Amino acid sequence: MSIITVEQLPPGSSGIVSEIQGETAIRRRLMEMGIVPGSKLTLVKWAPLGDPAECQIRGYKLSLRRAEAALITVDTKKGE
């Protein structure tokens, strides 16, 4: 089992969301965008200057700031 944050995922790799950290308001906002535990998240690419990241989750693409990506932990073994 390999648990890392979305910020640490290499572009093109996937994982299953296991936990969302941070303050309640931030966790709620991310969950409202569809980032919920058990969902498969794929990091498509980082923007040229390193922020934001383009992710694919639940059939749509989503941009996440690096600080937000650092709050989301994924299990890369389950996402293969």
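Visitor: What should I know before reading the model?
Guide: It is a predicted model: local features need pLDDT of at least 70 and side-chain atom pairs count only at pLDDT 80 or more, while totals for chains, interfaces and linings use all residues. Residues are numbered from 1 along each chain as its sequence is written, and side-chain values use heavy atoms, with hydrogens and water left out.

Visitor: How many helices and strands are there in the protein?
Guide: Helices (H or I, at least four residues) and strands (E, at least two) are DSSP runs, numbered from the N terminus. Here there are two helices and six strands. Along the sequence the pattern reads β-β-α-β-β-β-α-β.

Visitor: Why does the radius of gyration agree with a compact globule?
Guide: The radius is taken over C-alpha atoms, and the globule rule is 2.2 Å times the number of residues to the power 0.38. For 80 residues a compact globule would have a radius near 12 Å; the protein has 11 Å, so the two agree. Its C-alpha atoms fill a box of roughly 30 × 30 × 20 Å along the principal axes.

Visitor: Which strands does β4 pair with?
Guide: Two strands pair if DSSP finds at least two bridges between them. Strand β3 (residues 40-46) pairs with β4 in the antiparallel sense, over five bridges. Five bridges also join β4 to strand β5 (residues 60-64), again antiparallel. Take Ile57 in β4: Leu41 stands opposite Ile57, and Tyr60 in β5 is a bridge partner of Ile57.

Visitor: Where do the hairpins take a positive phi?
Guide: The β3 and β4 hairpin has six residues between its strands, and Gly50 in the turn has a positive phi of about 90°. In the hairpin of β4 and β5, two residues lie between the strands, and Arg58 takes a positive phi near 55°.

Visitor: Is β4 mostly covered or exposed, and which term decides that?
Guide: Buried means under 20% relative accessible area, exposed over 50%, partly exposed in between (1.4 Å probe, protein chains only). Strand β4 (residues 53-57) is mostly covered, with four of its five residues buried. Across the protein, buried residues make up 40% of the 80 residues.

Visitor: What does Thr5 touch?
Guide: Contact means heavy atoms within 4.5 Å. Thr5 lies in strand β1 (residues 3-5). At 14% relative accessibility, Thr5 counts as buried. Not counting residues up to four places away in sequence, Thr5 touches Ala69, Ala70, Ile72 and Thr73.

Visitor: And which residues is Thr76 in contact with?
Guide: Thr76 lies in the segment after β6 (72-75). Its relative accessible area is 17%, so Thr76 is buried. Leaving aside neighbours within four places in sequence, Thr76 is in contact with Ser2, Ile4, Leu9, Ser14 and Gly15.

Visitor: Where does the charged end of Arg66 sit?
Guide: A charge sits over a ring if NZ of Lys or CZ of Arg is within 6 Å of the ring centre and within 35 degrees of the ring normal. The charged end of Arg66 sits over the ring of Trp46, 4.1 Å from its centre.
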